[in-house]
Amino acid sequence: MRGRLRQAYGRLRLGTRLALGLGALALVVFAVVGTALTTYMRDYLSAQLDQQLAQAQVAQSKSIADYGTLSGKKYYRWYYAVYDVSEGAPELRRPEADTDLPADVDDFTAMARARVDADEEIVRTEHLRGTGLYRLRACEVEPGVVLVSAAPMDDIQDTVTELVTIQAVTFGLALLALVVAGRGMLRRGLRPLGDIARTARGITTHDLTDSARLSVRHDRHGGGPEVEELRTAFNRMLEHIDDSLAVRAEAEQRLRRFVADASHELRTPLMSVRGYADLFQYAAANEPEERDRHLARLRAEAARMGFLLDDLLLLARLDAAEVQTPLRPRETDLVALVREAVDAFRASHPGRPLTVEAGPAALSARVDPQRIRQVLDNLLTNAAVHTPPGTDVRVAVSAADGTARIRVTDAGPGVPPGDRERIFDRFYRVDKARSRDRGGSGLGLAVAASLVRAHGGTIELVCEPGSTEFTVSVPLSADDLTDR
């Protein structure tokens, strides 16, 4: 039974639960107030009756002492018993009238005996058999004489009963009105929560596969500061979900594009290897003099595929840098490192003018020299590949505010505005028609950007008419880089 009641209560709406809880609390308050009021009224009426008994006994005691009788000093339905005390034992006098005493006088005798033993007025409430509830008071009239008077308590009982009835009806109606009105007020107050719940149900029907944006928002106001705070938090949560969905969609799109580009880039050397392998097999059987040429092409395609796989592996390790960083930093002279990269570039591109601008004689930074050299080689190669022959290239090294800056600038045609935001994306080429033999795989700048970020630095592109400048900034002291 208790389990069914609990289940039924669990199925009630929040407004109904709160109304019932408010009603239960009000019922407890009404019970406490009613009990206190009833107790106070009973005690007050009892005190009034005790005072009336005391005043009546004063006059009755005077009448008994002066005239030996109670004539003219009696009240309707009151009982009177006069006892003569002899050697501590009370003896009942003969009553003046048959209506002065009830059929059973044991309670009166007990009161007289208690008065003799206590030597003070005694007041008690007793239920006299056959008559009802009475208030008894025993007092000493004169030495050796005790008067016991009894007043009926029917009026007090009737008054208390009527008071309890009035309280029960009044409190019941008030409780009913409180529950009904409170339920209505609570339902109106909780209506904004219902609106939020309907908004949440609307989100569950939103298709997240086609769009990474939740168009649902809860824009209705009202309900008080708490509901407004909940509404604001709810909308902020939706915005956070929007951002997370956008990041997820972008990551999935980039992953699909990356897989497609990687597959496309690997397919070309693999097809070349397969073709030259077939040619090598044919030449080995029919034209032995062609074997060396085909074997050299096989090695070149295999090397090209190896470079591509090395770049992909490096990017994967940089993406998981919190698990295993590919950097081995140590104190390195960046000026000397730039000079080595410049000498290598001049040796591989003898017809390309390259200028090194004046700067500090030495600049020490905690970096991985091999990876920073790779960044410089990629930037210089990018300048040589994507500019016409004879285009001037300049390299400059500087330091400011604890940061080392290496600028690689060329006077080529620059990067179109629509391609600048994606210039550091993987497999992205400005010239889509450029051959891979000359244009590369589209990973050079992506690798450079990832390596610079792994050093805690930044790489920026600034393009103006007749000038394309890449600026690499790395901190001079990278405490977060450790040897691995």
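Two strands pair if DSSP finds at least two bridges between them. Keep that rule at hand for the sheets on this tour. The model is predicted.

**Whole chain**

Start with everything shown. The chain has 484 residues, and 34% of them count as buried. Colour by secondary structure: there are 11 helices and 12 strands. The accessible area is about 28,600 Å². Carbon and sulfur atoms hold 54% of that area.

**Stop 1: the mixed sheet**

Select S7, S9, S10, S12 and S11. These 5 strands form an open sheet, in the order S7-S9-S10-S12-S11. The pairing is mixed. Which strands are at the edges? They are S7, residues 354-356, and S11, residues 458-464; each pairs on one side only. From one strand to the next, the twist averages 15 degrees.

Zoom in on S9 (residues 393-400) and S10 (residues 403-410). They pair in the antiparallel sense, over 8 bridges. Pick valine 397. Isoleucine 406 in S10 stands opposite valine 397.

H8 lies across S7, S9, S10 and strand S12 (467-475). Its direction is at about 165 degrees to S7.

**Stop 2: S6 and S8**

Select strand S6, residues 330-333, together with S8. The two run antiparallel and are joined by 4 bridges. Click arginine 330: its bridge partner in S8 is valine 367.

Now show the side chains of S8, residues 364-367. Which of them are buried? Ala365 and Val367 are buried and point to one face.

**Stop 3: the antiparallel sheet**

Select S2, S1, S5, S4 and S3. Here is an open sheet of 5 strands in the order S2-S1-S5-S4-S3, with antiparallel pairing. Its edge strands are S2 (89-92) and S3 (122-128), each pairing on one side only. The twist averages 30 degrees from one strand to the next.

Look at S3 beside S4, residues 132-142. They pair in the antiparallel sense over 7 bridges. Pick histidine 127; leucine 133 is its bridge partner in S4.

Then bring in H3. H3 lies across strand S1 (79-86), S2, S3, S4 and strand S5 (145-152). H3 runs at about 165 degrees to S3.

**Stop 4: arginine 115**

Stay with H3, residues 106-118, and select arginine 115 within that helix. Is arginine 115 buried or exposed? Its relative accessible area is 7%, so arginine 115 is buried; the cut-off for buried is under 20%.

**Stop 5: a nonpolar patch**

Select Leu22, Leu25, Val29, Val33 and Leu178: they make a nonpolar surface patch of about 380 Å². Which helix gives the most to the patch? Helix H2, residues 14-67, does, with 4 residues.

Leucine 178 lies in helix H4, residues 154-189. Why does leucine 178 count as partly exposed? Its relative accessibility is 31%, and partly exposed covers the range between the buried limit of 20% and the exposed limit of 50%.

How values were computed: Residues are numbered from 1 along each chain as its sequence is written. This is a predicted model: local features need pLDDT of at least 70, side-chain atom pairs count only at pLDDT 80 or more; totals for chains, interfaces and linings use all residues. Side-chain values use heavy atoms; hydrogens and water are left out. Buried means under 20% relative accessible area, exposed over 50%, partly exposed in between (1.4 Å probe, protein chains only). Accessible areas come from the Shrake-Rupley method with a 1.4 Å probe; for residues, only the protein chains shown count as cover. Patches are made of residues with over 30% relative accessible area and no salt bridge: like charges are joined within 9 Å, nonpolar side chains (Val, Leu, Ile, Met, Phe, Trp, Tyr) within 5 Å. A salt bridge is a side-chain nitrogen of Lys or Arg within 4 Å of a carboxyl oxygen of Asp or Glu. Axes are lines fitted to C-alpha atoms, for helices over the stretch in contact, and angles run from 0 to 180 degrees between N-to-C directions. Contact means heavy atoms within 4.5 Å.
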